[in-house]
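Hi,

Here's the structure I said I'd pass along. Have a look at it first, and then read on for what turned up.

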Amino acid sequence: MHHDTAAASDLSFAPCFRPFYMGDVQGYSNALDSLVYPGELSVRDSNPRMSLEACRLVGGGLAISFASTPLAVRHDTALASIGGAGDVLAMIAVEGEGTIEQGGRCMPFRKGDITFRTTRLPSACTLTTPGRLVVLRVPSDRFFGIYADLHDRFVPSISRADSRLAEAARVHMGHVFPGNAQALPALAYFSEQSFVSLLAAAYCESVDEDAADGKHRERDRWQRLVAFIEANLGDPELSVDAVSRELGISRRLTHRLFETQRTQYGAYLRMRRLERAKDDLRNRRLDHLSVAQIAYRNGFGDASRVSRGSRGRC
């Protein structure tokens, strides 16, 4: 696709969108190259219908309103700004649904969702139903402000429609872009800045939720892992492979779960077997069992691992 910078430089400032009447798919493709970042557009309708409006943000950046029948745009190259930082793309799904892909992550979106990605990485946007998308392309230093380190750790993310911050951002968008109404420059700037700040807050919230979800998954996996081991301590063939199959995860991830607990599989298994064997040795109801039998019932193949002296301990 052709990257035409003229389209962006000719735009009016917010809140006034400038309509684009491209007439054909290639025209819209060229405009999106300039306004978002270079990509390859493909339509999924024999009679595609599109409309495009855009404006420059008073404080720096662009706003694009794009309505279309189903399509896909694949950005195979990155577009970094000065210093290689890249801009943040915050996309509000006003209507329709589809997916955003970036950095190995696929994010299905629906009406009301807000997705976040960066121009410094390749990405893809697919609109699977007719819809309208509003995209803000904002320099990273403006988007994150004094928290510039957040962009260094940027990950693609999505703020769901039911998030209060996402809802506030959607409502405020109507105040920032009230049709063709004129606004005082200072009013336009501060209103726009509050909108960008709401989007940044929604991004931070979505990243925190993703991290929390990851912690919950890790905790749940650990609990399932421990329960499985406890139920199978008497199996002398209990292995990492067996545990991994039970959890439906890889051996590597199983080992990592133990690392998060500052131990290793073998050490944890021996510890639990010894603790269980010692409990059995202290249990007067099991006095009829030999040390070897207690060792075997707790998964030890060698009775020397268990000491008879443990019987007398409290």
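R272 is buried, since its relative accessible area is 17% and the cut-off for buried is under 20%. Keep in mind that this is a predicted model. The side chain of R272 meets that of E275 in a salt bridge, with 2.3 Å from N to O. E275 is partly exposed, with a relative accessible area of 35%. Both sit in helix α9 (residues 265-282), three residues apart, so about one helical turn separates them. As a rule, an α-helix has 3.6 residues a turn, so residues three or four places apart point the same way. The pair also belongs to a network: salt bridges with shared partners join E230, R272, E275 and R276.

How many salt bridges does the whole structure have? The search finds eleven. Two others are worth a look.

One is between K111 and E95, whose closest N and O atoms are 3.5 Å apart. K111 lies in the loop between β8 and β9 (114-118) and E95 is in strand β6, so this bridge ties together parts 16 residues apart in sequence. K111 counts as exposed at 53% relative accessibility, while E95, at 37%, counts as partly exposed.

The other joins D241 and R251, at 3.0 Å from N to O. Here D241 belongs to helix α7 (residues 240-247) and R251 to helix α8 (residues 251-260), so the pair links parts that are ten residues apart in sequence. D241 is partly exposed, with a relative accessible area of 32%, and so is R251, with 43%.

Now for the inside. The largest nonpolar core has 28 residues, and L35, L52, I64, F66 and F109 have the most contacts within it. Elements that each supply at least two of its residues include α2, β3 (50-56), β4 (62-68) and β11 (131-139). Which element gives the largest share? That is α2, with four residues. A second, separate core of 27 residues includes A14, V138, F177 and V196.

Helix α2 (residues 25-35) is itself mostly covered, with nine of its eleven residues buried. Among them are G27, Y28, L32 and L35.

Leaving aside neighbours within four places in sequence, I64 is in contact with F17, L35, V36, L52, E53, A54, L133, V134 and V135. Two of the residues on that list, L35 and L52, are also named among those with the most contacts inside the largest core.

Cheers

Definitions and conventions. Residues numbered from 1 in each chain as written. Predicted model: local features only at pLDDT ≥ 70, side-chain atom pairs only at ≥ 80, totals over all residues. Heavy atoms only, no water. Buried < 20%, exposed > 50% of the residue type's maximum accessible area, 1.4 Å probe, protein only. Core = buried A, V, L, I, M, F, W, Y, C linked by side-chain atoms within 4.5 Å. Contact = heavy atoms within 4.5 Å. Salt bridge = Lys/Arg side-chain N within 4 Å of Asp/Glu carboxyl O.
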